[in-house]
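Subject: Structure handover

Hello,

Here is the structure for your files. My notes on what was found in it come after it.

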Amino acid sequence: QEQLVESGGGLAQAGANLRLSCAASRRTTSYTMAWFRQPPEKEREFVAGISWGPYYADAVKGRFTISIDNAKNTWDLQMNNLKPEDTAVYFCAASPSIGTQIRVPSDFPYWGQGTQVTVSS
């Protein structure tokens, strides 16, 4: 069973930057990796993912960057120019399956514990 451990997050003012990191217990070279978030009282939504290339939700494109370090089995989410609407619990996710639909939460069997990001205006 894969274990994903998140770090980062916290409280930030609008316009600030935060970085989230996710560490896997196994080699990530064959994984599809992603970040999702769940705003208060809303469904979990796709933020960014990486398989053959990076993919981003329209709401974060140009502000967030996903990166991977296969040597360390980690992937990060750099969040720049944060907005109050970015407030959510952020989850990292991973899937070893070929054909994972990167924007679909149910396609991912492995999840981090979630970390709160709160952006004040």
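Arg 37 counts as buried because its relative accessibility is 5%; buried means under 20% relative accessible area, exposed over 50%, and partly exposed in between, with a 1.4 Å probe and protein chains only. This is a predicted model, in which local features need pLDDT of at least 70 and side-chain atom pairs count only at pLDDT 80 or more, while totals for chains, interfaces and linings use all residues. Residues are numbered from 1 along each chain as its sequence is written, and side-chain values use heavy atoms, with hydrogens and water left out.

Salt bridges

Arg 37 forms a salt bridge with Glu 45, and their closest N and O atoms are 2.7 Å apart. A salt bridge here is a side-chain nitrogen of Lys or Arg within 4 Å of a carboxyl oxygen of Asp or Glu. Glu 45 counts as partly exposed, at 29% relative accessibility.

The structure holds 5 salt bridges. Another of them pairs Asp 86 with Arg 63, with 2.8 Å between the closest N and O atoms. Asp 86 lies in the loop between strand 8 and strand 9, and Arg 63 in the loop between strand 6 (54-56) and strand 7, so the pair ties together parts that are 23 residues apart in sequence. Strands are DSSP runs (E, at least two residues), numbered from the N terminus. Both Asp 86 and Arg 63 are buried. Through shared partners, salt bridges join Arg 37, Glu 45, Arg 63 and Asp 86 into one network.

Asp 58 also forms a salt bridge, with Lys 61, at 3.3 Å between the closest N and O atoms. Asp 58 is exposed, its relative accessible area being 66%.

Disulfide

There is 1 disulfide in the structure, a disulfide being a pair of cysteine sulfur atoms within 2.5 Å. Cys 22 and Cys 92 form it, at 2.0 Å from S to S. Cys 22 sits in strand 3 (residues 18-24) and Cys 92 in strand 9 (residues 88-95), 70 residues apart, and the pair links distant parts of the chain. The torsion about the S-S bond is about 55 degrees, so the disulfide is right-handed. Cys 22 and Cys 92 are both buried.

Nonpolar core

The largest nonpolar core has 34 residues, and Trp 35, Trp 75, Leu 77, Met 79 and Tyr 90 have the most contacts inside it. Such a core is a set of buried Ala, Val, Leu, Ile, Met, Phe, Trp, Tyr and Cys residues joined through side-chain atoms within 4.5 Å. Among the elements that give two or more residues to this core are strand 4 (32-38) and strand 11 (115-120). Strand 9 gives the most, with 5 residues.

Regards

Note on methods. Helices (H or I, at least four residues) and strands (E, at least two) are DSSP runs, numbered from the N terminus.
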